[in-house]
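Reader: I am new to protein models. Please show me how to read one, feature by feature.

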Amino acid sequence: MTSGGDAPGMNAAIRAIARACQYYNHQCIAVIQGFEGLINGHFKELDARGVRNIINRGGTILKSARCKEFRTVEGRKKAWENVQKHNIDGLIIIGGDGSLTGGMIFQSEYGLPVVGIPGTIDNDIYGTSRAIGFDTAVNTVVEAVDKIRDTASSHNRLFFIEVMGRDAGHIALNAGIAAGAEEILIPEQDDGIDSLIRTLKYGKKSGKSSSIVVVAEGDKTRDNVFNLASQIREELPEYDVRVSVLGHIQRGGRPTYYDRVLASRMGIYSVEILREGKSNVMIGVDLDKLILTPLKDAVKGKSAINKNMVRISKILSV
Ligand code: ATP
């Protein structure tokens, strides 16, 4: 099942799970549209050939959903009835921390073995240094910022570029460094507007004719990027200030090699974990090794921002 926000690479994980099931002689049943499909009994059998030509496609062929009913005892009871009807004896959930929480609760109520695979462009899940989709999203943002920089430098403009990350600055921080942003504003670090103004003034004085500021959605400097830009326009009238909100282009697109390989490894491992009788864990990656974290820890924690990356970004923008 894929659940929560879609992320590029989910299809590669689905493909790997279906093929690992065939390899080990298990039946693979896909749940369509996340927990909603589990409640409505919307299932489809997948075999190795049924997942051809999807490794290169963004989104999820199984569709995804946010399902309020699964948050209720009654909703989960309906889901359990469908699980029994179809003789399902293990559930692999590819999704964010909400989806893994749902899986954990379902396992605790009915004892169905559950394995989680982190799939979210936000990369905010504890227990893995990378979630499926993050690498692709960062590359998409870098490409977009590179293009905006062409305009910024041709017209001596200051661009505020808002990227996804309501609670986590991983996309902003990594894409900002890779695209050479002058400032990166993230929810985890609030240096205040004065610090931003100082940096921009210093940049102007030191000969910068254009600037890029990458702003995560959840940045707290102002309530939103447009108000932030307005205030900077007032404080620094010498700048021609523009705003660009990248929005949903960050979710889609062909997964990078990294996301495809990570998803393939995690997909196969999830089937092997269930075969070994392990459950209630999330697969993660640390220093290129696959690791397991109990679901209860994975959903409670948050993957912290790398403070050294914040320090590096300051040095690079001098
Ligand atoms: P993303 O990181 O992209 O937002 P997510 O998996 O965190 O993905 P959520 O919308 O938080 O996305 O959760 C997806 C679904 O998981 C919810 O719509 C709901 O069906 C289920 N879910 C989340 N939290 C719970 C919970 N506490 N109890 C039961 N089900 C839950």
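**Reading one residue, then the whole**

Author: Start with place. Lys220 sits in the loop that runs between strand E7 (211–216) and helix H8 (225–235). Keep in mind that this is a predicted model.

Reader: Is Lys220 buried or exposed?

Author: Look at relative accessible area. Over 50% is called exposed. Lys220 has 51% relative accessibility, so Lys220 counts as exposed.

Reader: Which residues does Lys220 contact, leaving aside its neighbours within four places in sequence?

Author: Lys220 is in contact with Pro187 and Asp190. Now look at the atoms. A polar atom of the Lys220 side chain lies 3.0 Å from the backbone oxygen of Pro187.

Reader: How far apart are the C-alpha atoms of Lys220 and Gln189?

Author: Compare sequence with space. Lys220 and Gln189 are 31 residues apart along the chain, and their C-alpha atoms are separated by 8.4 Å.

Reader: Now a loop residue again. Where does Asn123 lie?

Author: Asn123 belongs to the loop between strand E4 (114–118) and helix H5 (134–155). Check its cover next. Buried means under 20% relative accessible area. Asn123 has 2%, so Asn123 is buried.

Reader: What does Asn123 touch, not counting residues up to four places away in sequence?

Author: Its partners are Ser129, Arg130, Ala131, Phe134, His170 and Ser303.

Reader: Let me try a strand. Is Arg157 buried or exposed?

Author: Arg157 lies in strand E5 (residues 157–163). Its relative accessible area is 15%, so Arg157 is buried. Leave aside the neighbours within four places in sequence, and Arg157 is in contact with Thr151, Ala152, Ser209, Ser210, Ser211, Asp240 and Arg242.

Reader: How accessible are Asn25 and Asn280?

Author: Asn25 has a relative accessible area of 70%, so Asn25 is exposed. Asn280 has 28% relative accessibility, so Asn280 counts as partly exposed.

Reader: Let us step back. How many helices and strands does the protein have?

Author: Count both kinds of element. The protein has 11 helices and 10 strands. Then check the packing. The radius of gyration is 22 Å, close to the 20 Å that the globule rule gives for 318 residues, so the protein is as compact as a globular protein of that length. Along its principal axes, the C-alpha trace spans about 70 × 35 × 30 Å.

Reader: What share of the 318 residues is buried?

Author: Buried residues make up 53% of them. Contacts tell you about the fold too. Take those with a separation of 6 or more: residues 24 or more positions apart account for 75% of them.

Terms used
Residues numbered from 1 in each chain as written. Predicted model: local features only at pLDDT ≥ 70, side-chain atom pairs only at ≥ 80, totals over all residues. Heavy atoms only, no water. Helix = DSSP H or I, 4+ residues; strand = E, 2+ residues; numbered from the N terminus. Buried < 20%, exposed > 50% of the residue type's maximum accessible area, 1.4 Å probe, protein only. Contact = heavy atoms within 4.5 Å. Polar contact = N/O pair within 3.5 Å; in protein donor to acceptor, adjacent residues only side chain to side chain. Rg over C-alpha atoms; globule rule 2.2 N^0.38 Å.
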